[in-house]
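Hi,

Here is the structure I promised to pass on. Have a look at it first, and then read on for what turned up.

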Amino acid sequence: MAECGRVDSSTSSHTMDKSITLPPDEIFRNMENAKRFAIDIGGSLTKLAYYSTVQHKVAKVRSFDHSTKEAAGDKLYEIAVQEEVTARLHFIKFENAYIETCLDFIKDHLVNTETKVIKATGGGAHKFKELIERKLGLKVDKEDEMTCLIKGCNFVLKNIPHEAFVYAKHADSEFRFQTTNPDIFPYLLVNIGSGVSIVKVESEDKFERIGGSSIGGGTFWGLGALLTKTKRFDELLQLASKGQHSSVDMLVKDIYGGSYACLGLTGDLIASSFGKSATADKEFSNEDMAKSLLHMISNDIGQLACLYAKLHNLSRVYFGGFFIRGHPVTMHTITYSINFFTKGEVQALFLRHEGYLGAIGAFLKGAEEDNPNQYSWGENYAGSSGLMSVSPDMNPMQRARSGTFDMLEMDRLDRQLVNLPLLQDPSSYIPDTVDLTEDAHAREYWLYCFEEALDGVVKRAVASQPDIPEAVERAEKFRQKYLHKLQTLRHQPFAYGSLTVRSLLDTREHCLNEFNFPDPYSKIKERENDIALKYYQNAVKSLEELSWEDRQFALVRGVLAGNVFDWGAKAVSEVLESNPEFGFEEAKRRLEDRPWLVDSFDQWLERLKGPPHRCALFFVDNSGVDIILGVMPFVRELLSRGTEVVLASNSGPALNDVTNSELQILTERIAAMDPVIDSALREDRLTLVQNGSSSPCLDLSRLDKVLAMLVRERQTDLVVIEGMGRAIHTNYYAMLSCESLKMAVIKNSWLADRLGGKLFSVVFKYEVPAGKPQ
């Protein structure tokens, strides 16, 4: 049911290899704070899981008491870098040959654990039970293999957005990652180990083995060994990848001279596996026999899976187990089989972290008292290896190391994340506008762009901690880490799912946090917030002097001009660094004249002549001029119309984006000089919430649960999304069930050119859902 068989005789001589030198900082990270363990031991690979607490720095802002003049001079707030402890799950995969060395390392570095038991699953758990108990001094508590597998599968489907993928051998991108439906149930899991188990999963705790077969991975390995004298599973697959099955298999055209049209059978279809071996008077190559055997078993499993999927009316079919393990040859043959038998109605789905399901499930069984499923978890790109290249041309030792992840880290998030209730169809929502995995030209440009920007990020990271001498050393380590990630993504763009501008930005933020640079733009934000506040009253006064129609245009133009102040855009950061006096009015002059690149302003103006919206949800972007002189006057106008407003800002820092804690302080200061904002706050018509993210982009399928509840309670009927990261790189095509407004200035010349515009082109996209009168 799990991984096939035992370690073969060719490897038994080094099953207890002690010679490996482990790089502990990269593999068994944070072991001194490990709290709980689980292990899944298969025929050739061991997967270890443990929970640890991670101490890292976070930037906290605290408001000064401005009621007394001597409180803090002119400072708006203070920034304090504090230590914070968060929870992290670690999952590590290594060959069984190194298990004793790994156990010795764990024993030597285990400091604070209160654990007395290690949860274990997999066929090898019994074999290594005595060794584990002797080395670690922990009692091995064996868990049911299938239960662990299902628990692990549920966990990754719920917490990792790009977990499932379709394999397309001849496409530009082999891996086509799927949007995971918010409701992951029901699904069919086809686990191909020594044999095959087919499991119907209906809920977190309800599943049933509805079928299976004795013809599985063990059959391929066993018959393959008899036919080719090749003992290693990976070597058999390597042979199969080079073979021609038609030399051994009897095809339809071998019988009928071509296709059998009246039955819809093409000439190249296999009529009889190994059919030619009975009559041909010749020797067959090992490669051809291995390929024929692989097709025979894959087709049998594929047809069986299709029949069960149809019988139980299930459209989601995931494949896993030792037979799959990221091998392109097996994924391709399974995919072909499923496509053939269902006529394309069902897709074969594979999982990025398929090799870890048992270990994750065993860990979750041991952690039930902490109820880990009540939290949301996020993949830490800084500590995860990424899906590796799976070329069959690798030698067997490389191949064995490259099936899936070598390391996976999951961080527990502060907020429980859910879908925005206003998504028109959550199951088809894709946050990202461009998939760089499939667009080679765009991928090369953006990878180059992020490499070019690295010096500036390092410089700002050091400048954010001027009084800490070792900041320079940490910043250099950050540079090397992120550069290595970019190089990996250049060769393996599918490493962390679909490669997008958002994932490149998020990976950078994860690496910055890894080296304790929680908010490199903190001082820039503080300075710009302080300056912008001084101009707020004059800006509002100027707007109030305009006619109603002129004011609506000035308000929109103000939001767009404010959005120019984005330190994440190279074209802007260079201007801001070379000309500190660059201001709001100058930004307005930089904007293109109407008609804009995308221009729905006339429709928006017409809508404003109608009744006010009940409630507007506004996803804000940058600190300083953007939020204070651009967004706040726009919000003020909505409030004056009788519309309630919910301002959603980042939970944690990213670039110069305003965070919720900063926005609370800024709004209080604005309220002190603006009665409209003050009364709206006191009457709860203006509400500030966290969005649950620490990213410069926006994934509407992973938002703070409190925000989602508020959206429902307030009967929100307008969503405003501002900024290039949130409205262009993500959500440009997002379909909502209410009116939406997407506003951004294109601050990247390459992207502007691709969209048919120029630098500082404007996107003003007002959308009304189909069927709703405008």
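This is a predicted model: local features need pLDDT of at least 70, side-chain atom pairs count only at pLDDT 80 or more; totals for chains, interfaces and linings use all residues.

You'll find Asn 731 in the loop between helix H25 (724-729) and strand S24 (739-746).

For context, most residues other than glycine have a negative phi, and most peptide bonds are trans.

One joins Phe 185 and Pro 186, with omega at about -10 degrees, and Pro 186 sits in the loop between strand S7 (175-177) and strand S8 (187-192). Another runs from Arg 594 to Pro 595, with omega near 0 degrees. Pro 595 belongs to the loop between helix H19 (584-590) and strand S18 (598-599).

Now the big picture. The protein has 26 helices and 25 strands. Its radius of gyration is 29 Å, close to the 28 Å that the globule rule gives for 774 residues, so the protein is as compact as a globular protein of that length. Along the principal axes, the C-alpha atoms fill a box of roughly 95 × 70 × 45 Å. Of the 774 residues, 59% count as buried. As for the surface, the protein exposes about 31800 Å², and 49% of that comes from carbon and sulfur atoms. If you take the contacts with a separation of 6 or more, 74% are between residues 24 or more positions apart.

Nine of its 10 residues are buried, so H10 is largely enclosed by the rest of the structure. Among the buried ones are Leu 357, Ile 360, Phe 363 and Leu 364. What do the buried residues of H10 pack against? Their partners are strands S1 (34-41), S2 (45-63), S3 (77-95), S4 (117-121) and S14 (347-351), plus helix H4 (145-159).

There is also a helix pair to look at. H6 (residues 233-242) and H8 (residues 286-311) pack at an angle of about 100 degrees, with their axes 7 Å apart. The two are therefore roughly perpendicular to each other. On the H6 side the contact uses Leu 236, Leu 237, Leu 239, Ala 240 and Lys 242, and on the H8 side Asn 286, Glu 287, Ala 290, Lys 291 and Leu 294. By class, that makes six nonpolar, one polar and three charged residues.

Asn 380, in the loop between strand S15 (377-379) and helix H11 (396-401), is buried at a relative accessible area of 2%. Beyond its neighbours within four places in sequence, Asn 380 is in contact with Arg 29, Arg 88, Glu 409, Asp 411, His 510 and Glu 514.

Leu 608 is part of helix H20 (residues 601-608) and counts as buried at 4% relative accessibility. Neighbours within four places aside, its contacts are Trp 548, Gln 552 and Arg 641. Leu 608 and Gln 552 are 56 residues apart in sequence, yet 8.8 Å apart in space, C-alpha to C-alpha.

Cheers

Methods. Residues are numbered from 1 along each chain as its sequence is written. Side-chain values use heavy atoms; hydrogens and water are left out. Axes are lines fitted to C-alpha atoms, for helices over the stretch in contact, and angles run from 0 to 180 degrees between N-to-C directions. Helices (H or I, at least four residues) and strands (E, at least two) are DSSP runs, numbered from the N terminus. Angles under 35 degrees count as roughly parallel, over 145 as roughly antiparallel, 65 to 115 as roughly perpendicular and the rest as oblique. Contact means heavy atoms within 4.5 Å. Ala, Val, Leu, Ile, Met, Phe, Trp, Tyr, Cys and Pro count as nonpolar, Asp, Glu, Lys and Arg as charged, and the others, Gly among them, as polar. The radius of gyration is taken over C-alpha atoms; the globule rule is 2.2 Å times the number of residues to the power 0.38. Buried means under 20% relative accessible area, exposed over 50%, partly exposed in between (1.4 Å probe, protein chains only). Accessible areas come from the Shrake-Rupley method with a 1.4 Å probe; for residues, only the protein chains shown count as cover.
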